[in-house]
Amino acid sequence: MLKSTVLALSACAFLVVNAQDIHVDDLPLYNPVQLRYHQDWLISTSSQPSAIYKTPEGYIAMSNGLVTRTFTVAPNGATIGLDNLVTHESLVRAVSPEAVLWINGHEIKAGGLTGQPIANYLLPEWIPEMKADPYSLQLVSYAASPIKARFEWNRRKEWYSGEMPWPPKGLELSFTYKAEPSLIRDFQNRYGQDARRAVIWKDDFITLSPRWKVVTVNAPSNAFNNEGKAGEILAPSRAVVYAEQAIPAGTEVIVCKLNAGTDISTGYGPGITLVFANGQKAKFYLSPGKKHFSVMYKNKQNHFKGFDPGKSYYLRLLLGEGNIVYSTSEDGVHYTSLMTLPVKEKPSHIRIGKTDPQGGETVKGEAGALGRSRIEQVLLLGKTGPSVYDVDFLEGLKVKIHYEIYDGLPLISKWVSVENNSRQEIIVNNIKSEHLAVTEAESAVEHKQRWELPPIFAESDFAFGSGTANAAENACIAWQTDSSYTTQVNYTLQTPAVLTCMPKTGMGQELAPGGSLESMRLWELVYDSYDRERRGLSMRKMYRTISPWVTENPIIMHVSRSEDEPVKKAVDQCAEVGFEMVIMTFGSGFDIEDTSRHNLQRMKALKDYAKSKGVALGGYSLLASRTIDANNDVVMPEGMEPAFGNSPCLESRWGQEYFKKLYHFYETTGQDLLEHDGSYPGDVCASQDHPGHRGLEDSRWKQYREIQEFYRWCRSKGIYLNVPDWYFLSGSNKTAMGYRETNWSLPRELQEIIERQNIYDGTWEKAPSMGWMFVPLVEYQGGGAAATIEPLKAHLSHYEQRLANLFGAGVQACYRGPQLYDAPETQMLVKRWVDFYKKHRRVLDADIIHLRRPNGRDYDAILHVDPAGKERGLLMIYNPLNETITRDIEVDLYYTGLKNQAMVSEDDGTAVRKTLSNTKLNLRVVLPPKGRKWFVFTE
C-alpha cells in the first residue's frame, strides 16, 4: 500500500504544523466549485491556503483555489489534470510520463499510463482502464511538507519597502518512484538476445554527435538536426537526409529505433543503409507511403507487412559470416525476423535516415510533401560476453518528483531528484522533468510561422544567455510538437502542444554510490487572460514570490574612478543626497581579481568608510566576453562559436581560480555588491583537460552550477548582484531594463524620450526594481558635449528630466561619472527627486500599468499600483512638447483596488475626494512645457 504524508494549510484540510503520515482516504474531498477563489488574486490582500485533497474518484489533487493539479496513484503515478479554476479551463489533454531520465545511456521513465484511445482530450472514464507502462519506474510513496527555501536570503531591508515571505507560503508534494523487479527483468531482456553483448557505441540523439557526417540533398543543411533536435528530420518525401559513420571494428549487431512520423515516403523512407567497400549498398527502411518494411539490395526489393506509421520501431541487423539477418520490434525486446540476406563481405559504413531507394544520394522527380521523421536511437553491439546488460543500478535507483504550489497565485513548480543507492557510480546523462501534453491554443490545418501557445508561462532556474524572460527557452524549456497526436487538425502534426523541460545539451553528471542530485526547477504559471497587462502582472507577482530579492531597489551611483579620493567623494555626495550605493564601474581601475594584500586592505578600508556614511560599496567584474588563453578558454565543437565571441570555461583552472578570488574578496573586504558583466551565457566546452568537467556532455551543467552556487552564496551574504542576464531565480537582484548603449551617445534631448520608452517597454515582464537604466553624467562611447550632462549645473533642466523619468518610474539607473552634483542648486535638484522617490517608495516599486507609450508627439503616462499599500496608486504624466497642454484622461484604477471613490492629490498637494465611475476616474490634467505631474491615489 502506498504511504502518504500531507501538510494541509486550511481548516478543512488537517491544520497541522509539521508533516504527518495519513492515508489518502483521510484527505478532505475535492470540490472545485466550493474551492474556487472568487476574488481577483491580483488585487486581493488575502488568499486561500494551498492544500491537498482527494477527488471523488480517489485521485490526489493539490490546489489553492486558483489552479489544481491532479494525480493518479494506481496503477502508477501520473498527472491527469491541470485545471484553471478561474477560467474553468482543463489544460491536460493526454497522460505522459511524470519524468524521463537518461542514466548510463538508458532511457528510464517515471510514472505515466498507457492506453489512452486518442490524445485530443482525456475523459475520466478512460483512466481506470489505462495501464502502467511496464518500462516505467513505479510509484511507491508520496509525501507533503511546507515549502522550503531554495537557498538563504540575507535581506537588505533598507533597499525595499515590502515584506515578501521567504520561503513563499504554500506546500510541497513529492512522489517517490523505484524500479520493481519486473522492470529490471524487462530492461535486462530489452534487447533480447543482445542482452549479453558488449555495447560498442550508443546514441540517444540528445545532441548531435560529431561522429556523424550529415548529408542532405533537396533539403536544408540542418534537416537532420531540425530546430536543434538531433535526429529529427524535416524534409520532403523525395529528399536525402542521412548521417553516416564508419562501423567500428567488432560490431556484430546494429539496432536503430526510429519513427516515420508524418513522412509519406516510399523508397526514400527512413531507415538503415549499409555501405560496402565496393560501393554496394543494402537499405533496410520504413516505407510509410506503402505501409510496409522494405529491404533493398542490388536493385531487388523485399517488402514485409505489419508496419503501422503511428508507431516507433526497432530495426535490427545481425552481421553474420556471409549474411545479414533483418528483424523488427516494437518494444526492443521481442523481435520478428524478416529475412536473411547473403553477402560476401562485411559493410564498412552505416547511414541513418533518408536515402534514395538504393541507399544513395540521388534525388529524382518532384520533391513531394514535407514530412517529419525521427531517429531516436542507434546501438552498436559487439560479441556476446558473460555479463548481462548494465542495468544493475536500477535496483538502487530512487527518483523523487517534487511539486510546489503557492498561496495566492496560479503557480506550480516542479523538479526531479535522483538518489543512487547502488554499489556503482552512475552517469545521469539528462533529465526531462516535464513532458506535459497540453490542450492546444489553436488548431491550424497548415503550417504557421507564429503559433498561439497554450496559456502557460514556463520558467526555469536553468536560464542564461538573455536579458528577458525567454532565457530558459534557450536552455531547457520548449513547446514541442507531438508526433503521437495523430488526430490533431494540423496535417503535418506541427501544433505546439507539449511543454517540456530538459537541458538541451545534457547534464552528464556523475553520481557516486549514496549520492543524490537535483534537476533544474520549473515553474508553470497558468494565465487567466490573454490581456498583455494582466499577463505581465501575473509574471511580476511570480518573480516577487519565488525570487523576492528582486524587490531590493537601492539608488545607485557608478563612480568612474576607483582611487581612494574619487570613491570617498562619491560616497560623501551619495550620503548627502540620499543615494544608497556606489559601484566602482567598468573602466574605473577596480580589479576584483587583484588578490594582493595592499588591494584587499584598501578595498576593506573603503568599504568601512562607505559603511560609516550609510552607503553600500562594491565594484564591477567582467566574466565572459573575454579570452584567457588556449588552455582555459572554452573549446567549442566544430561549427559553433562562443556567445560573446570569446569566453573562458568556468571549469578550467582559470575559471576555478576566478571564483576562489571572488569568494576571498568578499570574505576579506566585506563589500556589498557585485556588478557581474558578461555573465555565463551557456557556452559548452569540449575540452577533456579542464579539471571541473569531463568533456562536452557535462560542461554546460557544471559551469552553470558553478555560477549558480556563487550567486546563491551572495544572496546568503546580502551581496547585491547586478547581472545583465536572467539569473533572478538563481539569486541575482537586477538586470538591464533593456536599452541600446550607443543611444547614450545621442544628443541629450533625444535621450529623454528614448529613456521613457525603454522603461515603458521593459516593465511588461519586469517590475521597476528588476531593471536598471543608465545616465551618462560624463561622455559614454562618444557623442561629445552634446550627449553629456557635465557640467551638471549647466544642464539642470535636462538633468531634472532624467531624474523625473527614472525616480518617477521607480527605476534605478547607473549614474556614471565622478560626481552627482557640482553646485548647491544641482545638489538640491538631486535631493528633491531622491526625497520624492523615498516618500513614495513602496508604490513606485510596485507594479506599473502601461497607459500611453512615449512618442514625443503628446503626453505619455504610467500608473503605479499597490492594492495592499497605503498609497494605492501613483500616476506619472509627462509632456514632451514645448507648450502647455490640457488633457482629459480616463484612468482606470482597477488594479489599485479602489472603487467608487478615491482621495487624489496632485504633486503631493492636498488630497481631494473624487467620485469614480466604478473604478474609472476622469481627470483633467494641465501639463507645463517639457514638464510632468504626478497624482497619488489613496482610499
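1. Lining of the largest cavity. In this predicted model, the largest cavity is lined by Arg756, Ile759, Tyr760, Asn805, Ala809, Pro854, Asp860, Ile862 and Tyr878. A cavity here is a set of points, on a 1 Å grid over the protein atoms alone, where a 1.4 Å probe fits but cannot get out, and a lining residue has an atom within 4 Å of a point. The volume of the largest cavity is about 70 Å³, where a volume is the space filled by probe spheres set on the points, which are joined across faces, edges and corners. Helix H9 (748-762), helix H11 (796-809) and strand S48 (860-865) each give two or more residues to this lining, and H9 has the largest share of it, with three residues. Helices (H or I, at least four residues) and strands (E, at least two) are DSSP runs, numbered from the N terminus. The model holds three cavities of 30 Å³ or more.

2. Residues are numbered from 1 along each chain as its sequence is written, and side-chain values use heavy atoms, with hydrogens and water left out. Because the model is predicted, local features need pLDDT of at least 70 and side-chain atom pairs count only at pLDDT 80 or more, while totals for chains, interfaces and linings use all residues.

3. The second largest pocket. A pocket, unlike a cavity, is an open set of points with protein on both sides within 12 Å along at least five of seven lines. The second largest pocket holds about 1500 Å³ of space, and of the 42 residues that line it, Thr207, Leu208, Ser209, Pro210 and Leu696 are the closest to its centre. Strand S15 (197-203) and H8 are the elements that give two or more residues to the lining of this pocket, and S15 provides the largest share, five residues.

4. Nonpolar cores. A nonpolar core is a set of buried Ala, Val, Leu, Ile, Met, Phe, Trp, Tyr and Cys residues joined through side-chain atoms within 4.5 Å; buried means under 20% relative accessible area, exposed over 50%, and partly exposed in between (1.4 Å probe, protein chains only). The largest nonpolar core has 207 residues, and Leu397, Phe579, Phe807, Tyr815 and Leu820 touch the most other members. Helix H8 gives the most to this core, with seven residues. Another core, of 43 residues, lies apart from the largest one and includes Ala223, Phe276, Phe307 and Tyr313. In soluble globular proteins, nonpolar side chains tend to be buried together.

5. Aromatic pairs. Rings of Phe, Tyr and Trp (its six-membered ring) pair if their centres lie within 6.5 Å, and planes under 30 degrees apart count as stacked, over 60 as edge-to-face and the rest as tilted. By this rule there are 53 aromatic pairs. The pair of Phe462 and Trp701 is tilted, because the ring centres are 5.1 Å apart and the planes stand at 45°. Phe462 lies in the loop between strand S33 (456-460) and helix H3 (471-475), whereas Trp701 lies in helix H8 (residues 696-717), so the pair ties together parts that are 239 residues apart in sequence. Phe462 is buried at a relative accessible area of 1%, and Trp701 is buried at 4%. Phe665 and Tyr666 form an edge-to-face pair, with 5.1 Å from centre to centre and 85° between the planes.

6. Charges over rings. A charge sits over a ring if NZ of Lys or CZ of Arg is within 6 Å of the ring centre and within 35 degrees of the ring normal. The charged end of Arg316 sits over the ring of Tyr335, 5.9 Å from its centre, and Arg532 lies over the face of Trp764, at 4.0 Å from the ring centre.

7. Backbone details to look at. The peptide bond from Trp166 to Pro167 is cis, with omega near 0°, and Pro167 is placed in the loop between strand S13 (136-146) and strand S14 (170-178). A cis peptide bond also joins Glu790 and Pro791, with omega about -5°. Glu227, although not a glycine, has a positive phi of about 55°, and Glu227 is exposed, with a relative accessible area of 59%. Asn900 has a positive phi near 75° and is partly exposed, with a relative accessible area of 45%.
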